Amino acid sequence: MFEKLAEIICNYVEVEPGDVHPESRFMEDLGFTSFDFMSMLGELEDEFDVEIDQQEASEIRTVQEAVDYLAKLSAE
């Protein structure tokens, strides 16, 4: 799941997949804007066939937190 998320992240910001780490913060380290992040969430919903709660998503800061959240949704 991490590798797929890293690929998707690279569609939104100019980073290489190898530069995306579990501890990478979306805004500070990867250069996401709020719009980029919200757009990516829509793609993640389609890709992983989950429904992301906007309130919970607003708490996600790092790539690992996103992976953990997606894993939790996929398990439900």
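Residues are numbered from 1 along each chain as its sequence is written, and side-chain values use heavy atoms, with hydrogens and water left out. Because the model is predicted, local features need pLDDT of at least 70 and side-chain atom pairs count only at pLDDT 80 or more, while totals for chains, interfaces and linings use all residues.

**Exercise 1. Determine which residues of H1 are buried and where they lie around the axis.**

Step 1. Helices are DSSP runs (H or I, at least four residues), numbered from the N terminus. H1 spans residues 2-12.

Step 2. Buried means under 20% relative accessible area, exposed over 50%, and partly exposed in between (1.4 Å probe, protein chains only). The buried residues in H1 are Leu5, Ala6, Ile8 and Ile9.

Step 3. These residues cover an arc of only 165° around the axis, which puts them on the same side of H1. The arc is taken from the directions from the helix axis to the C-beta atoms.

Step 4. The exposed residues Glu3 and Asn11 are carried by the face of H1 turned away from its buried side. The buried residues of H1 pack against H2 and H4.

**Exercise 2. Describe the crossing of H1 with H4 and the residues that make the contact.**

Step 1. Two packed helices are described by the angle between their axes and the distance between the axes. The axes of H1 and H4 (residues 63-75) come within 10 Å and cross at roughly 120°. Axes are lines fitted to C-alpha atoms, for helices over the stretch in contact, and angles run from 0 to 180 degrees between N-to-C directions.

Step 2. H1 and H4 are therefore oblique to each other. Angles under 35 degrees count as roughly parallel, over 145 as roughly antiparallel, 65 to 115 as roughly perpendicular and the rest as oblique.

Step 3. The H1 and H4 crossing is right-handed (the near helix is turned clockwise from the far one by less than a right angle).

Step 4. Phe2, Leu5 and Ile9 of H1 meet Val63, Ala66 and Val67 of H4, where contact means heavy atoms within 4.5 Å. By class, the contact of H1 with H4 has six nonpolar, no polar and no charged residues. Ala, Val, Leu, Ile, Met, Phe, Trp, Tyr, Cys and Pro count as nonpolar, Asp, Glu, Lys and Arg as charged, and the others, Gly among them, as polar.

**Exercise 3. Describe the crossing of H1 with H2 and the classes of residue in the contact.**

Step 1. The axes of H1 and H2 come within 10 Å, crossing at roughly 140°. H1 and H2 are therefore oblique to each other.

Step 2. This crossing of H1 and H2 is right-handed. Contributors from H1 include Lys4, Leu5 and Tyr12, and those from H2 include Asp36, Met40 and Phe48.

Step 3. The contact of H1 with H2 divides into seven nonpolar, two polar and four charged residues.

**Exercise 4. State whether Leu5 is buried or exposed, and identify its contacts.**

Step 1. Leu5 counts as buried, at 0% relative accessibility.

Step 2. Apart from neighbours within four places in sequence, Leu5 is in contact with Met40, Leu44, Val63, Ala66 and Val67.

**Exercise 5. Characterise Asp49 by location, accessibility and phi.**

Step 1. Asp49 lies in the loop between H2 (34-48) and H3. At 72% relative accessibility, Asp49 is exposed.

Step 2. Phi of Asp49 is near 55°, a positive value in a residue other than glycine. Most residues other than glycine have a negative phi.

Note on methods:
Helices (H or I, at least four residues) and strands (E, at least two) are DSSP runs, numbered from the N terminus.
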